[in-house]
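Hi,

Here is the structure I promised to pass on to you. Could you have a look at it when you get a moment? My notes follow below.

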Amino acid sequence: MSKKVDKKTTPFRIHNSVFMGLFQLLENQFAILNLVKTFLTLIKFTFDSLSRKIKSPCLVINFKSIQFKEEIIMYNFKKNFFTYVVVGALVMALSISCSNEDTTGGNSDNSYTHQNHPAEGIYSNGYYNSSAIVSNNADGSCHITGRAYSNAQSSQSFDITVRNWTQEYESTFSYAGSSDRDGEANISTPPNMDYFQVSYNSNGGFLRIDFGPAENRYTTSSLSKQ
């Protein structure tokens, strides 16, 4: 079984684009509001000046009505502003939810892939004599063979090829296997394995192999280089 790690784009790019769009809308609303207020103020000043000069009652304007319309504009602006905030919050929550799903089923944004394979040699421990032999191939892959146990009476040999590992930043553990969040690898023995994982801790050089269904999982436990 082989798989490739899909690289995910960071959710913060989505958040930035959303808030930039909201900022642009709010900026336009402020510009329109200031333009209307300036226009109303200009009308008031002009008609006040004319009415004082020619003393004509026909030029009297109901500025209470103008003030009322300005209050309506302010109310609509506040209502639109609240709508933009709610929409932005919903979009951000949705994008965070999607990014969490990607982290669960894919390579997370705080991890990277590499080909820093374990050192070649024999790895073993006292867990039912589990063991593994590591060799690095000319094509840059890592070949791991050995034997794992589910209990003292049941063991299985394994043959795994690791092409690259996934490692989280500030962590010493690297992973390869069948999960989308693991590095790229395939297992030829035993065949038709739906689940397998190879983990390697560079701090101490410990190696571990697990495979098989959860109810009958085979493991080497933690192996150290001999």
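T161 sits in strand β5. Buried or exposed, then, for T161? With a relative accessibility of 17%, T161 counts as buried, because the cut-off for buried is under 20%. Its contacts, leaving aside neighbours within four places in sequence, are S141, C142, H143, A185 and N186. Please keep in mind that this is a predicted model.

Next, the nonpolar core. The largest one has 22 residues, and those touching the most other members are I144, L207, I209 and F211. Which elements give two or more residues to this core? They are β3, β4 (142-151), β5 (154-162), β8, β9 and β10 (206-211).

On strand pairing, β2 has two entries in my notes. β2 and β3 run antiparallel and are joined by four bridges, with G121 standing opposite V134 of β3. β2 is also antiparallel to β12, with two bridges between them; here Y123 has K225 in β12 as its bridge partner.

Most residues other than glycine have a negative phi, and most peptide bonds are trans.

- Y128 is not a glycine, yet has a positive phi of about 50°. It belongs to the loop between β2 (121-124) and β3 (131-136), and the hairpin of these two strands has six residues between them. Y128 is partly exposed, at a relative accessible area of 35%.
- S221, another residue other than glycine, has a positive phi near 60°. Its place is the loop between β11 (218-219) and β12 (224-225). S221 is partly exposed as well, at 23% relative accessibility.
- The peptide bond from T189 to P190 is cis, and its omega is near -5°. P190 is in the loop between β8 (185-189) and β9 (196-201).

That is what I have for now.

Best wishes

Technical notes: Residues numbered from 1 in each chain as written. Predicted model: local features only at pLDDT ≥ 70, side-chain atom pairs only at ≥ 80, totals over all residues. Heavy atoms only, no water. Buried < 20%, exposed > 50% of the residue type's maximum accessible area, 1.4 Å probe, protein only. Core = buried A, V, L, I, M, F, W, Y, C linked by side-chain atoms within 4.5 Å. Contact = heavy atoms within 4.5 Å. Pairing = 2+ DSSP bridges.
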